[in-house]
Every structure is written in C-alpha cells, then in structure tokens.
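Please look over the sequence and the structure shown here before reading the report that follows. The text moves through a few places in the chain, one after another.

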Amino acid sequence: MSLLLTGRRSPQLQSHRSNVVNIETLLPRLTELFGAQVIRILAVLVLFVGWLIARMATLLSGFLTFAGQLALGIIVFGVGLFLVNLASQTIRASRGHQAGILATAARIGILVLSTAVALREMGIANEIIEIAFGLMLGSVAVAAAIAFGLGGREVAAKQAEAWRESLR
C-alpha cells in the first residue's frame, strides 16, 4: 500500500495503471477542491471564538462590577449597623428622660437610612428609594405642620383677632 501512495510503481502494477493513485497529483487536486472550504470554515471558527471571548469578557465585566457594588453595599450596611448600636447605647447611657424611646427612634432612623444607602450603592431600586424618602420627608413635614397648627390654635386665633381689630 505504501508503494501506491509514494508514487513509485512496481513492475507488477504497471499493467494496472488505472487502479494506482498517484499522491503527487492527488494532493494538489484535493487542495484545489477543498482548500478554500477549509479556509472558510477555519475563518468562521476563528470569528466565532473571537465573538465568544468578547461575550465572556462582557459578562465577566458585568459580574465583577455587580460584585463590587454588592460588596460596597454590604460594607455600608455593616457600618450602619455599627452606628445603630453605638447611637442606641450612647442615648441609653445618658439616662435622660425618655432615653429608651429616643434610643429606639434613633435606632430605627439610622437603620432605615443605612439600609437605603446600602441598597442605593448596590444599584437596587434607586427610584423606589428616592420616592420612599420623599414621601417620608413629606409626611414628617405634614405631621409637624398639623402638630404646630393644633398646638398653636389659640395663639393663632388671638393673632388673627388682633389683625382684624387693627384693620377696623
């Protein structure tokens, strides 16, 4: 068989020339027929691998960005928890009037604020956090206005009466 592929012809095979495959003429013909196809397939394969590497780099970059934001959010929340305990212990240690209620109020306020800041650093629900803080600030302002209005009703009535008398 090796004699057939090398191109050397034995005397016995001289009579069977039609059955002999000459490797010297076969390879160039195969290269002509299939070489362009193989090059195209390799080019497509190289392009696909390049695209795949680019996609993997994009995914990895996004994952690392999110992991960094998550780690920063956890650190911010941890600092918030530390500050919650510190403020609560400091207020309770003052032994002032209503220290327990003030410590609980400070604890809740700092915890809500640190949770919101941590979620914002993580990039989670930014719009919801902004709306919630706006509503909380608005409700505190309305509550203060109502409390001031109800508490100062008599003073406001006296002032309104004095203005009315001055206009007459």
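## Charged pairs, a buried serine and a nonpolar patch

Glu161 is partly exposed, because its relative accessible area is 32%, a value that falls between the limits of 20% for buried and 50% for exposed. This description, like the others below, refers to a predicted model.

Glu161 has a charged partner, for Arg164 forms a salt bridge with Glu161 in which the closest N and O atoms are 2.6 Å apart. Both residues belong to helix α5, which covers residues 153-167, and they are three residues apart, or about one turn of the helix. Arg164 is also partly exposed, since its relative accessibility is 44%.

How many salt bridges does the count come to? The count comes to two, and the other pair to describe here is Arg120 with Glu130, whose side chains meet at 2.9 Å, N to O. Because Arg120 lies in helix α3 (residues 99-122) and Glu130 lies in helix α4 (residues 126-151), this pair ties together parts that are 10 residues apart in sequence. In general, side chains of opposite charge can pair when their charged atoms come close.

The table lists the accessibility of the residues in these pairs.

| Residue | Relative accessible area | Class |
|---|---|---|
| Arg120 | 40% | partly exposed |
| Glu130 | 47% | partly exposed |
| Arg164 | 44% | partly exposed |
| Glu161 | 32% | partly exposed |

Is Ser88 buried or exposed? Ser88, which is found in helix α2, is buried, because its relative accessible area is 3% and the class of buried residues takes in values under 20%. When its neighbours within four places in sequence are left aside, Ser88 is in contact with Ala103 and Arg107. With Arg107 there is also a polar contact, in which the two side chains are joined at 3.4 Å.

Helix α2, which runs over residues 23-93, is also the place of Leu45. Leu45 is partly exposed, with a relative accessible area of 48%, and it is one of the residues that form a nonpolar patch on the surface. Among the other members of this patch are Leu33, Phe34, Val38, Trp51, Met56 and Leu59, and the whole patch has about 1200 Å² of accessible area together.

Technical notes
Residues numbered from 1 in each chain as written. Predicted model: local features only at pLDDT ≥ 70, side-chain atom pairs only at ≥ 80, totals over all residues. Heavy atoms only, no water. Patch = residues over 30% accessible without salt bridge, like charges linked within 9 Å, V, L, I, M, F, W, Y side chains within 5 Å. Areas by Shrake-Rupley, 256 points an atom, 1.4 Å probe, with all protein chains shown as cover. Salt bridge = Lys/Arg side-chain N within 4 Å of Asp/Glu carboxyl O. Helix = DSSP H or I, 4+ residues; strand = E, 2+ residues; numbered from the N terminus. Buried < 20%, exposed > 50% of the residue type's maximum accessible area, 1.4 Å probe, protein only. Polar contact = N/O pair within 3.5 Å; in protein donor to acceptor, adjacent residues only side chain to side chain. Contact = heavy atoms within 4.5 Å.
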